[in-house]
Amino acid sequence: MRRYLLFLFLTLSLTPAGAQPKYEVRAAWVTAVYGLDWPQTKATTPAGIRRQQEELIEILDKLKAANFNTVLFQTRTRGDVLYKSSIEPYNSILTGKVDGDPGYDPLAFAVRECHKRGMECHAWMVALPLGNKKHVAKLGNKSVTKKRKEICIPYKNEYFLNPGHPSTKEYLMKLVREVVTRYDVDGVHFDYLRYPENAPRFPDSYDFRRYGKGRTLDQWRRDNLTDIVRYIYKGVKEIKPWVKVSTCPVGKYKDTSRYSSRGWNAFHTVYQDPQGWMGEGIQDQIYPMMYFRQNNFYPFVLDWQEQCNGRQIIPGLGIYFLHPDEGNWIREDVDRQINFIRKHKLAGEAHYRAKYLMDNTQGIYDELTENFYAHPALQPAMPWLDNVPPSAPSGLKVISGKDGYTSLTWQAATDNDKMNAPRYVVYASDVYPVDTTRPENIIAQGIRGTEYIYAPLQPWNRKVYFAVTAVDRYGNEGKAVQE
């Protein structure tokens with residue numbers, strides 16, 4: 001088996017990217033904690049507010065230019081948030097002080113700007129860690145450790161929401177309900193929905209005696225996390241069934257028949273059972289943190305895909321290791337991983353973190369833009385939620401203006417989901433009919449109205465034929481109208 005994996009590794013190192021998939025998640029984590037990716041400027045003056053917003057726009061513009069289609073926007077960090085909440089305070093990174101009002105709602109702004117660019121915005125929420133004692137002290141009476149002391153637990157100079165307390169899932173769902181109800185997010189993405197690493201002395205013995213009901217400690221802890229996942233998944237689907245629910249678990253589920261996890265895995269180390277979550281159907285996507293190389297990457301990716309129960313697996317790639325201060329990766333490590341993901345038809349990949357894309361570390365941004373992501377990609381569908389595509393738009397009209405612009409208008413499509421109007425994808429080609437199976441023909445996506453202005457960057461590249469399709473919030477794409 002090791003010989004096979006070595007052969008596979010060498011093959012991938014020589015394999016070009018090849019044809020790009022039309023449907024693929026291309027995600028980036030935009031990290032707000034400590035201002036790692038954003039923001040750098042404090043929103044304490046009108047000029048500071050504008051600059052803080054401009055910083056985010058610069059990130060989104062650059063992601064859009066590289067044909068990313070998903071932004072994992074950090075919305076909750078350690079018991080504080082980046083939106084106007086009635087439950088937890090604003091994160092101090094926005095203004096420099098605890099619960100300082102930045103003068104705008106960052107999550108609402110991020111959602112709006114992502115949608116302008118045809119990208120999805122997922123609310124990335126850190127679930128259980130609440131920060132160290134210094135951080136909790138700064139939050140003062142606004143901290144959940146003061147407001148809901150019974151569901152919080154100290155461990156090694158830090159505080160956590162207690163997964164073993166039955167009210168913890170209800171508290172987290174209150175936060176999720178606030179986000180899903182008030183904002184047009186496309187997904188809710190959970191991080192740190194796990195116990196601390198190798199924590200046999202995590203102080204939950206009282207709760208275990210009370211709620212264990214004959215289970216082993218390990219199984220009880222796994223059941224606690226699964227109960228939280230199940231409760232939140234069902235709660236989200238009751239509010240907005242199209243909103244994707246995902247987590248980013250530890251990158252190795254457990255030992256596989258192909259390779260050992262070397263003592264570091266989701267199942268045993270942090271009591272996560274994400275393959276069980278997918279089997280039960282209480283996740284739409286999993287973003288395993290696959291921050292490994294070579295044989296610590298490939299066999300575990302295959303394991304996720306084989307156990308996905310039809311759900312979307314989007315491996316998280318540790319592109320931060322391309323920076324010499326973080327690791328000794330070379331860019332070809334990431335190239336091989338994307339090739340492998342595509343060869344085995346996973347749903348896509350996510351990049352940790354946005355900063356290394358913005359800085360073009362070891363040329364990673366250029367490689368994605370010019371090679372792997374040279375053409376746009378649409379979101380993969382979620383047939384377990386809805387498998388009925390919208391109707392085709394009708395009455396497509398194309399009017400070419402003397403100024404080099406082309407105006408497209410059409411009649412709206414209809415969909416079985418009456419809560420959401422379909423979005424539209426515009427294709428263009430020099431050949432009629434336009435081949436809508438080819439991603440290189442996509443010129444716009446996520447359009448919410450029934451008109452579009454086409455303005456090619458180079459007049460000599462101007463296309464003459466157009467097609468429009470409708471896509472619902474579940475990723476189902478209908479037939480095209482051609483002109």
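1. Which residue takes a positive phi in the hairpin of S5 and S6? Lys156 does, with phi near 50 degrees, in a hairpin that has 2 residues between the strands. Strand S5 (residues 152-155) and strand S6 (residues 158-161) pair in the antiparallel sense over 4 bridges, where pairing requires at least two DSSP bridges between two strands. Tyr155 has Glu158 in S6 as its bridge partner.

2. A word on the basis: this is a predicted model, in which local features need pLDDT of at least 70 and side-chain atom pairs count only at pLDDT 80 or more, while totals for chains, interfaces and linings use all residues. Residues are numbered from 1 along each chain as its sequence is written, and side-chain values use heavy atoms, with hydrogens and water left out. Helices (H or I, at least four residues) and strands (E, at least two) are DSSP runs, numbered from the N terminus.

3. Do have a look at the open sheet of 10 strands, whose order is S10-S12-S13-S1-S2-S3-S7-S8-S9-S11, with parallel pairing. Its edge strands are S10 (289-290) and S11 (312-313), each of which pairs on one side only. Strand S9 (residues 285-286) runs parallel to S11 and is joined to it by 2 bridges; here Ile286 stands opposite Ile313.

4. Gln74 is found in strand S2 and counts as buried because its relative accessibility is 1%; buried means under 20% relative accessible area (1.4 Å probe, protein chains only). Its side chain reaches the backbone nitrogen of Ala32 at 2.8 Å. Leaving aside residues up to four places away in sequence, Gln74 touches residues including Val30, Leu82, Trp124 and Val126, with contact meaning heavy atoms within 4.5 Å.

5. Helix H3 (residues 106-116) is largely enclosed by the rest of the structure, because 8 of its 11 residues are buried. Among them are Phe109, Val111, Glu113 and His115. The cover includes helix H2 (46-65), strand S3 (120-126), helix H6 (168-182) and strand S17 (442-447). At the start of H3, a side-chain oxygen of Asp105 comes to within 3.1 Å of the backbone nitrogen of Leu107. Gly118, which follows H3, has a positive phi near 70 degrees.

6. Val464 sits in the loop between strand S18 (451-454) and strand S19 (465-471).

Technical notes:
Buried means under 20% relative accessible area, exposed over 50%, partly exposed in between (1.4 Å probe, protein chains only). A polar contact is a pair of N or O atoms within 3.5 Å; within protein, one must be able to donate a hydrogen and the other to accept it, and residues adjacent in sequence count only if both atoms are side-chain atoms.
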